[in-house]
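Please walk through the model below, starting with one of its helices and moving on to the packing around it.

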Amino acid sequence: MPDLDPATTALLTVECQNGVVGEESALPDLAKEARDSGVLARVAALADAARGAGVQVLHAVAERRPDGLGSNTNARLFRAAGKLPVRQLTGSRAVEVAAPIVVAEQDLVVRRLHGLSPMSGTDLDALLRNLGVRTLVVTGVSSNIAIPNTVFDAVNLGYRVVVPADAIAGVPASVTAEVVRNSLGLVATITTAEELLELWARPA
């Protein structure tokens with residue numbers, strides 16, 4: 001993997017929020033996989049290392065208003081989400097970034113009320129361009145839906161995308177390797193958390 005210029009690289013965590021991967025998740029199977037596999041710990045380590053290397057960190061959070069205004073209803077996934085016991089309501093604990101990931105003062109948090117990707121219908125693209133970002137490192141959940149959508153949208157917008165395959169999770173666990181091999185690997189640079197941690201630990 002080529003060196004990543006900190007000045008033009010950003011790390012994005014996707015839906016690493018309490019209501020998705022926390023202990024009181026609306027999706028307990030996904031939360032268990034993200035934690036038991038070590039993905040959340042690796043994302044937290046990557047965020048810390050990125051900051052230390054001067055790489056901008058952003059957190060993408062999915063939420064909805066209590067009245068549901070503006071949220072999608074055009075797919076089974078969205079309708080099911082509205083019936084879950086834990087809802088990703090704006091301002092609630094469910095939409096806070098989950099431990100052990102830390103939101104530092106210099107991090108940016110991008111919130112969305114609709115859609116399947118934080119690259120669509122939010123300020124994320126504009127923020128990245130204003131920061132001079134050309135390469136986006138994508139981490140988080142889920143490798144079933146949100147991660148592929150984020151990667152494809154970023155590629156379509158002209159970004160180079162890097163995916164540490166052991167810092168994304170989905171259910172069942174086997175889906176991640178399949179998505180990486182058959183989809184993400186065709187459009188993104190695939191790496192590991194360890195490789196990125198070593199890269200960002202090098203002296204400037």
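In this predicted model, helix α7 bends by about 45° at valine 180. The helix runs over residues 174-187, and its end C-alpha atoms lie 20 Å apart. That agrees with expectation, because 14 residues at 1.5 Å a residue should span 20 Å.

Helix α6 spans residues 146-156 and holds threonine 150. Threonine 150 counts as buried because its relative accessibility is 0%. Beyond four places in sequence, threonine 150 touches Leu12, Val14, Ser117, Pro118, Met119 and Val138.

Next come the nonpolar cores. The largest has 31 residues, and Leu11, Val21 and Trp200 have the most contacts inside it. Elements giving two or more residues to this core are α1 (18-21), α2 (28-36), α3 (39-52), β2 (56-62), β4 (135-141) and α8 (193-201). Its largest share, eight residues, comes from α3. Leucine 11, leaving aside neighbours within four places in sequence, is in contact with residues including Leu46, Ala47, Ala50, Val57, Val137 and Trp200. Apart from this core lies another, of 25 residues, among them Tyr159, Ile168, Val175 and Val180.

How values were computed
Residues are numbered from 1 along each chain as its sequence is written. This is a predicted model: local features need pLDDT of at least 70, side-chain atom pairs count only at pLDDT 80 or more; totals for chains, interfaces and linings use all residues. Side-chain values use heavy atoms; hydrogens and water are left out. Helices (H or I, at least four residues) and strands (E, at least two) are DSSP runs, numbered from the N terminus. Buried means under 20% relative accessible area, exposed over 50%, partly exposed in between (1.4 Å probe, protein chains only). Contact means heavy atoms within 4.5 Å. A nonpolar core is a set of buried Ala, Val, Leu, Ile, Met, Phe, Trp, Tyr and Cys residues joined through side-chain atoms within 4.5 Å. The expected span of a helix is 1.5 Å times one less than its number of residues. The bend at a residue is the angle between axes fitted to the seven residues ending there and the seven starting there.
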